[in-house]
Amino acid sequence: MAKRKSSDFTLLLLVLILVVIGVIMVFSSSHYYALTKLNDSYYFLKRELLWATIGMIGMIFTMNFDYFKYRKLAPYAFGLSIVLLLLVLTPLGKEFNGARRWIGVGSFTIMPGEISKICAILFVASSLSSVGDKIKKFLSGVCPYILIIGIYMGLILLQPNMSTAVTIGAVIACMMFIAGMRWFHVIVMGMGGFFALAAMVVAAPYRMKRLTGFLDPFKDPMGTGYQVIQSLYALGSGGLFGVGLGRSMQKYLYIPEPQNDFIFAIIGEELGFVGCMVIIILYVLLIWRGVRIAVNAPDTFGCLLASGITSMVAVQTIINIAVATSSMPVTGMALPFISWGGNSLAIFMASIGILLNVSRYSNLDRS
C-alpha cells in the first residue's frame, strides 16, 4: 500500500469556492420565487446551507476513508443503486412535474439517480481494474459493460430522466476508454449511443418538441422555446460585468425555478461574461486536478475511480452550461456544487472526498 500524504489542497479549495458561490447564487436567484411561491424568501437558502453542511461532513469522511476499501464495497453499492432505482417505481416513488425520480417518506426524499452515479463509478472502477487486457475484446470485455449501461439507463429512463441516464452512460464509457478499450470499439459504442439517443427522442413526443425548440426557440416563444429564450435574455443583458449581484430581472418568475437548471443564466445576468468565465475557469481547474490525480494514482482502481468522478463532474458541467447557452436541447441537469439540488450537492461533495483520498496516495509532484 502506498504511503498516505496530505490531500490535494488545490482541489479542496476549488470545491469550497464553488460551494460558497453556489450558496450565494442560490439565495440571489431564489429569494423572490421562494417568497411568492412558498412565503419564505430564505426557504432555499436554509436548505442549501443544510445540504452543504451534510456534504461537508460526507466529504471529510470520504477524504479520510481509504479508497482501497471501496473495492470490497463496490458490489454492494451496485446492488443498492439498483434497488433504489426499482423503489422509485413503487408507491414509495414521488412524482413532481410529471417525473417520478424521488423516493421518500413525508418531507424527506432522496434522488436514486444521483446516488446511482457514484455507485456505478465504484462498481465499474472495481470491475475494470480486475479485467485487465480483457477490455480489448468486444464480447467478453466490452459487452458486459454495455449491459451495465443498459440496466442503469433503462431503469432511469422509466422515471423518466434522460439527462441522468445519459450522464451515467457517458461516464462509464469514459472509464472503459481509460481502461484500454480499443478505438474501433469506441467508435462502435459512439455510433450505437447516437442511434439510441435518436430512438429515445423519437419515442417521446416531448423530447422531440425540446429538440425542435432548440433548433428554433423563437418558433414557439411561449412554449418549447420559452426557457431557452429567457436564458439567452439573461445572459445577453448581463453584458461584460453584469447588472450586479441580486439585481437579476429574469429571476422574477421569468425563468422557472431559476435556482436549479438555469442558475448559470442568472450568474451571467448578475455577474456578466467575466463572472461566467470565472466559473468556467474554476471548473476547468477542478477537472485538471482530477485528471492529475487519476494519472498519478498508485493503482488501476484508484486511476479509474478518480477518472470516473472527474468525468461525472465534467459531463454534468458541460451539459448544464450547454443548455443554458442554447448549445444543446433543454434537459434537467444541475450545475455541480452551484445549483440548488439537495442530496445532489451532498453526493457531489462526498464524491470529491473520495477523489481527495485518492490524491493522498498519488505522486502529484511528478507531473
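R289 and D8 join their side chains in a salt bridge, with N to O at 2.9 Å. The model is predicted. R289 sits in helix α10, while D8 belongs to the segment before α1 (9–38), so this contact ties together parts that are 281 residues apart in sequence. R289 counts as buried, at 9% relative accessibility. D8 is buried too, with a relative accessible area of 6%.

The structure holds four salt bridges.

| Pair | N to O distance |
|---|---|
| R289 and D8 | 2.9 Å |
| K117 and E114 | 3.2 Å |
| K251 and E270 | 3.3 Å |

K251 and E270 link distant parts of the chain, 19 residues apart. K251 lies in the loop between α9 (226–238) and α10, and E270 lies in helix α10. Both K251 and E270 are buried.

K117 and E114 share helix α4 (residues 112–131). They are three residues apart, about one turn of the helix. Both are buried.

Now the surface. A nonpolar patch there is formed by L240, F241, F273, V274, M277, V278, I281, L285 and W288. Together they have about 840 Å² of accessible area. M277 lies in helix α10 (residues 263–295). M277 is partly exposed, with a relative accessible area of 30%.

C174 is in none, and the nearest cysteine sulfur, that of C303, is 13 Å away. C174 is partly exposed at 30% relative accessible area. C303 is partly exposed at 21%.

Technical notes. Residues numbered from 1 in each chain as written. Predicted model: local features only at pLDDT ≥ 70, side-chain atom pairs only at ≥ 80, totals over all residues. Heavy atoms only, no water. Patch = residues over 30% accessible without salt bridge, like charges linked within 9 Å, V, L, I, M, F, W, Y side chains within 5 Å. Areas by Shrake-Rupley, 256 points an atom, 1.4 Å probe, with all protein chains shown as cover. Helix = DSSP H or I, 4+ residues; strand = E, 2+ residues; numbered from the N terminus. Buried < 20%, exposed > 50% of the residue type's maximum accessible area, 1.4 Å probe, protein only. Disulfide = S-S within 2.5 Å.
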